[in-house]
Amino acid sequence: MRAQDSATAQTAIAVPVAPGSGRPATGRGSAARAGTLQAALGVTAFSLTFPATAWGLEGFGPWSLVAVRTVLAAVIAGGCLLALRIPLPGRRHWAGLAVVAAGVVLGFPLLTTLALQTSTTAHAAVVVGLLPLTTALFSALRVGTRPSRTFWVAAFAGAAAVIAFTVQQSGGTLTGADAYLFAALLVCAAGYTEGGRLARVMPGWHVIGWALVLCLPVTVPVAAIALSYEPVQLTAHSVTGLLWVAAGSQFVGLVVWYRGMAAIGIPKASQLQLAQPLLTLVWSVLLLGEHLTPAAPLTAAAVLVCIAVTQRARG
């Protein structure tokens with residue numbers, strides 16, 4: 001009898017609870033909701049990046065702004081890693097961290113900042129509109145994810161709606177900044193994909209934290225050189241913009257973003273970014289005084305439908 005009791009107990013642990021109890025589904029549902037919320041918070045933080053960068057450029061040169069923001073974010077991340085005595089990542093993870101550092105920490109901020117010197121935030125939002133689809137493609141190639149056909153149809157439809165809206169907002173013309181923007185799109189998608197993969201085996205904030213620290217040997221001397229050549233004018237806008245892109249976009253936003261990707265998967269998390277250009281345009285109106293056309297509500301409704309479809313589509 002005891003042996004049978006023992007076997008029964010082991011079986012109860014190993015086998016999911018019988019249908020009707022709802023426990024496993026509830027656990028998975030709670031994790032999915034938490035992951036979606038974290039990814040959405042990351043998107044909200046990212047949506048403020050372009051307006052904050054525009055503020056920062058009022059007082060800093062592009063190279064100074066990117067280098068200083070990265071150094072400040074690395075100091076915050078390094079302080080957290082040191083205070084909590086987080087051990088160094090395994091050797092096998094450093095190559096992936098280098099991709100995150102090159103794409104998310106350095107590449108995307110630098111390329112978009114250079115673009116925003118001559119581009120409006122509305123035009124730059126084209127990059128963000130294409131980023132979810134590009135991230136899903138990188139994910140399919142890098143980690144072998146295979147979303148359903150419904151997922152891809154909704155993703156392409158959402159991307160098309162965002163692109164049409166943002167191009168219309170910018171007057172339908174392409175500028176010299178587009179080369180920077182499309183390059184930023186590619187490197188960021190690669191960094192997001194690799195970061196999402198690493199976030200499955202280590203906490204998301206470790207991923208971005210170590211990626212930021214990894215960049216310090218480059219960003220510290222670049223910051224010193226850039227500050228000596230580019231004029232600096234400290235204003236309320238420039239300081240606020242710098243602090244937000246350093247702490248909000250570069251660290252806190254990426255922490256919750258990678259946690260969300262690890263919980264709900266790279267393709268589904270990336271589709272939440274379809275709402276990012278619209279949020280950016282709202283902030284642009286409120287913070288920069290840019291004009292928002294009547295097409296915004298219609299595009300917002302189309303994007304929300306696409307997000308709902310991609311979140312429900314099964315791979």
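Colleague: Is the crossing of α6 and α12 right-handed or left-handed?
Modeller: This is a predicted model. In it, α6 spans residues 121-142 and α12 spans residues 276-288. Their crossing is right-handed.

Colleague: How are α6 and α12 oriented to each other, roughly parallel or roughly antiparallel?
Modeller: Their axes lie 9 Å apart, and the packing angle is about 160°. Angles over 145 degrees count as roughly antiparallel. The two helices α6 and α12 are therefore roughly antiparallel.

Colleague: Which residues make that contact, and how many of them are charged?
Modeller: From α6 come T121, A122, A125, V128 and G129. From α12 come Q276, P277, L281, S284 and L288. By class, the contact of α6 with α12 has six nonpolar and four polar residues, and the charged ones number none: no charged residues.

Colleague: How far apart in space are W283 and S47, C-alpha to C-alpha?
Modeller: In sequence, 236 residues separate W283 and S47. Yet W283 touches S47, along with T44, L48, P51 and L288, not counting residues up to four places away in sequence. The C-alpha to C-alpha distance of W283 and S47 is 7.8 Å.

Colleague: How many of the eight residues of α3 are buried?
Modeller: Helix α3 covers residues 49-56. P51, a contact of W283, is one of its buried residues. Helix α3 is mostly covered, and the count of buried residues is seven.

Colleague: How do α5 and α8 run, roughly parallel or roughly antiparallel?
Modeller: Helix α5 takes residues 94-115 and helix α8 takes residues 178-198. Their axes come within 8 Å and cross at roughly 150°. Since angles over 145 degrees count as such, α5 and α8 are roughly antiparallel.

Colleague: Which hand does the α5 and α8 crossing have, and how many nonpolar residues are in the contact?
Modeller: α5 passes α8 in a left-handed crossing. By class, six residues of the contact are polar and two are charged. The nonpolar residues number 17.

Colleague: What does L254 touch?
Modeller: L254 is among the residues with the most contacts inside the largest core. Residues up to four places away in sequence are not counted here. The contacts of L254 are F46, V104, Y192, I208 and S249.

Colleague: What is the phi of R85?
Modeller: R85 is in the loop between α4 and α5. With a relative accessible area of 76%, R85 is exposed. Its phi is positive, in a residue other than glycine, and the value is near 55°.

How values were computed:
Residues are numbered from 1 along each chain as its sequence is written. This is a predicted model: local features need pLDDT of at least 70, side-chain atom pairs count only at pLDDT 80 or more; totals for chains, interfaces and linings use all residues. Side-chain values use heavy atoms; hydrogens and water are left out. Axes are lines fitted to C-alpha atoms, for helices over the stretch in contact, and angles run from 0 to 180 degrees between N-to-C directions. Helices (H or I, at least four residues) and strands (E, at least two) are DSSP runs, numbered from the N terminus. Angles under 35 degrees count as roughly parallel, over 145 as roughly antiparallel, 65 to 115 as roughly perpendicular and the rest as oblique. A crossing is left-handed if the near helix is turned anticlockwise from the far one by less than a right angle, and right-handed if clockwise. Ala, Val, Leu, Ile, Met, Phe, Trp, Tyr, Cys and Pro count as nonpolar, Asp, Glu, Lys and Arg as charged, and the others, Gly among them, as polar. A nonpolar core is a set of buried Ala, Val, Leu, Ile, Met, Phe, Trp, Tyr and Cys residues joined through side-chain atoms within 4.5 Å. Buried means under 20% relative accessible area, exposed over 50%, partly exposed in between (1.4 Å probe, protein chains only). Contact means heavy atoms within 4.5 Å.
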